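Please follow the chain from its overall composition to the pairing of its strands. The explanation begins with a term that is needed later.

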Amino acid sequence: MTDTPNTPETEAAATPAATGDTPPATGDTPPDRLSINQRSPFFQQDLLERGIGIRFKDKVRHDVEEYCISEGWIRVALGKKVDRNGNALTLKLVGPVEAWFERPAAGADTDEG
């Protein structure tokens, strides 16, 4: 194992600009996992009110019930089918997931000039 000093060149290689990723326009990122089901431990009403955009396999999806970025999956409703308790049946799809806020946080300064 070799020790390499942290130089500006090595630190710049780890930044999003160097890897080709673009940071979210709002400056903050959504949580790793979020659900629209109120009984889920991953439900957060204040974040859902801001609007979450989801890109799954390079396509923007508007039917996502729950997502997890780190594990790379989303859950979508299976048509209008429900279980015996009236809960929507969901299908888990696996692939690359990107998430962003559609609106800035309440009270955030929108003027950048």
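Two strands are said to pair if DSSP finds at least two bridges between them. Strands (E, at least two residues) and helices (H or I, at least four) are DSSP runs, numbered from the N terminus. The model is predicted, with local features needing pLDDT of at least 70 and side-chain atom pairs counting only at pLDDT 80 or more, while totals for chains, interfaces and linings use all residues. Residues are numbered from 1 along each chain as its sequence is written, and side-chain values use heavy atoms, with hydrogens and water left out.

The protein chain contains three helices and seven strands. Read from the N terminus, its elements follow the order α-α-β-α-β-β-β-β-β-β.

Four of the strands form an open sheet in the order β1-β4-β5-β6, and their pairing is antiparallel. Because β1 (33–35) and β6 (88–94) stand at the edges with a single partner strand each, one side of each has no neighbour in the sheet. From one strand to the next, the twist averages 25°, where axes are lines fitted to C-alpha atoms, for helices over the stretch in contact, and angles run from 0 to 180 degrees between N-to-C directions.

Within this sheet, β4 (residues 64–68) and β5 (residues 73–82) run antiparallel and are joined by four bridges. Which residue in β5 stands opposite Glu 66? The residue opposite Glu 66 is Arg 75.

Finally, of the 113 residues in the protein chain, 21% are buried, a term that means under 20% relative accessible area (1.4 Å probe, protein chains only).

Notes: Buried < 20%, exposed > 50% of the residue type's maximum accessible area, 1.4 Å probe, protein only.
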